[in-house]
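Hello,

The structure we talked about is pasted below. My notes on it follow.

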2 protein chains.
Amino acid sequence: MTHSNPTPRPVCILGLGLIGGSLMRALDDGGRGVFGWNRSPAGADAASAAGHDASTDLDGVLGRAADAGALIVVAVPMFAVDGVLARIAALAPGCPLTDVVSVKSSVRDAAARHGLLGRYVGGHPMAGTAESGWSATDPGLFRDAVWVVSVDAHVDAAVWREVVALAEATGAVAIPAESDEHDAAVARVSHLPHVLAEALAVVGASGGPLTLALGAGSFRDGTRVAGTAPALVRAMCETNSAAVITALDECLAELSAAREALTRGDMRDLAERGHAARLAFENRTRAVRVVDPGAPGWLDAARGAAAAGHAVTCG
Amino acid sequence: MTHSNPTPRPVCILGLGLIGGSLMRALDDGGRGVFGWNRSPAGADAASAAGHDASTDLDGVLGRAADAGALIVVAVPMFAVDGVLARIAALAPGCPLTDVVSVKSSVRDAAARHGLLGRYVGGHPMAGTAESGWSATDPGLFRDAVWVVSVDAHVDAAVWREVVALAEATGAVAIPAESDEHDAAVARVSHLPHVLAEALAVVGASGGPLTLALGAGSFRDGTRVAGTAPALVRAMCETNSAAVITALDECLAELSAAREALTRGDMRDLAERGHAARLAFENRTRAVRVVDPGAPGWLDAARGAAAAGHAVTCG
């Protein structure tokens, strides 16, 4: 494998739902060679009917990936990851490997169990909708989105470069993160917001029709993601439960302190710190640092970018 | 006073900030006679410069209101309500009286202390922005907004009709509610969302730059109202602290139960109830019932509309 090859290796996508299917469409639109597998015939047929190269024959697809030296992208739900990795280990263990699953430590550990860690670099595009399946796919889904790329100690520089290039080919911005850091971060800014939205919706509705009639902007925005299908919320929170519990415990401590302060008629502390925190979010900057995978100290450079919340691109 | 009078009595607005000033502009645009008072010369001057009838002489304005039999609207912050009601009791005790303060029981109790209950009907337009002062006023602020009108036992039918008409003159929809019910409802759908947004912002920011870099739609929406000035958040939550604590305790119970469920890897209960509650909010309907103030049983009819979350108009 060489990253100076002018014809990039094809991409083999396993799972053509919202994320995998949108990735297939984005890459096909960009002229990159891409083929894929989907478990259900309905999804594979829909992809084929739209002119894409899709099959329901996993072993056949993996044999083709091995022959072509394809970059394999695992895009199945977490519960199906282990079974797919087992087939990859059997049929295409030499292919570079990434994934788009919303938790990273669990996938990394599964890759290790199957002896695939040396060719694996985890990924997570922070994009999606409440919809699912091929019919919800959108080749523009990743444009300007954040695509997390793992910088765990095991990563291979050449595979890492290919995964960053894959993210950038879809219009996304690559942000490096270690798997555990990723899982802790999304617990705070993605999974906890879902938990709070569900709780707020319940407390509002338990007030009855008058209460819901008085709900306006703050209630509408605060409960928006409670409109997500419960199965999707469960999948993200339950597969990252340890990190979600850590974030939730911090939140419970803040709310309990605010409750005690309110008994004294004083909510100054939380109101001021919350406002400052929101301003920090609004005013965050996204610098792009150039990293040269394989150069001395490149992984530390990428981790430094991660700690500062910066994006990276490859020099 | 008669409600068949073709020339409605003028409106006297005390306090020309965001709400009072927007009300003055909406009424002036509609050709209704309106004059007002503002404590600070800057606000009164800005209103006058824009062609409105504004003064900093409270006693003079109240004398004029008494002479004209004006409908007085108290539009000052809660901490200033008591002082303004004392002047009204001294100079214009016979005028019909309402307010636009975001808590209702406290204002009602203050009106009672000053002997003004017989002419007072509480109001609360559920509209606003994070901005304040005359420069933030907007004559369209109330269009399609909910304007809560009190149906406490003491209300006078003729004043009630005038307050509903005032709300409708701005483009708002009148929803009847008893003061305690109003305060309990806004604690759930307005004040609690602010408390949760502050706590979520703090937990997100405490994750550091990488965490904020990964924040996307769910974090942005969930923390939006944490961008409100801390003083405004404090004013709404601290003046309604008992009801906020009740709502917050329910929320803490939901979150604590979800935390325990997550230790077993199962968030089904909250995810499903939260989703159902959000759908109930999205699918709420706003029927409009006709009420005839003063007719037998009219207050019970209005309260029935309140319990169902319906709007009212006067027949």
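B:Arg234 is partly exposed, with 22% relative accessible area (buried means under 20%, exposed over 50%, partly exposed in between, with a 1.4 Å probe and protein chains only). B:Glu238, at 21%, is also partly exposed. Their side chains form a salt bridge with an N to O distance of 2.8 Å (a side-chain nitrogen of Lys or Arg within 4 Å of a carboxyl oxygen of Asp or Glu). Both residues belong to helix α10 (residues 230-238) of chain B and sit four residues apart, about one turn of the helix. An α-helix has 3.6 residues a turn, so residues three or four places apart point the same way.

On provenance: this is a predicted model, in which local features need pLDDT of at least 70 and side-chain atom pairs count only at pLDDT 80 or more, while totals for chains, interfaces and linings use all residues. Residues are numbered from 1 along each chain as its sequence is written, chains are lettered from A and ligands numbered from 1 in the order in which they are written, and side-chain values use heavy atoms, leaving out hydrogens and water.

Salt bridges

Over all chains there are 42 salt bridges. One of them links A:Arg303 to A:Glu178, with the closest N and O atoms 3.8 Å apart. A:Arg303 lies in helix α13 of chain A and A:Glu178 in the loop between β8 (173-177) and α7 of chain A, so the pair ties together parts 125 residues apart in sequence. Helices (H or I, at least four residues) and strands (E, at least two) are DSSP runs, numbered from the N terminus.

Another salt bridge pairs A:Asp249 with B:Arg259 at 2.7 Å, N to O. These residues lie in helix α11 (residues 241-263) of chain A and helix α11 (residues 241-263) of chain B respectively, so the pair joins two chains. A:Asp249 is partly exposed at 29%, and B:Arg259 at 22%.

Helix α5 of chain A

A:Arg108 is in a salt-bridge network with A:Asp109, A:Asp152 and A:Asp180. A:Arg108 is also buried, as are A:Ser105, A:Val107, A:Ala110 and A:Ala111 in helix α5 (residues 105-113) of chain A. After α5(A) comes A:Gly115, with a positive phi near 70 degrees.

Strands β9 and β10 of chain A

Strands β9 (residues 288-291) and β10 (residues 311-314) of chain A run parallel and are joined by four bridges (strands pair if DSSP finds at least two bridges between them). A:Val290 has A:Thr313 in β10(A) as its bridge partner.

Regards
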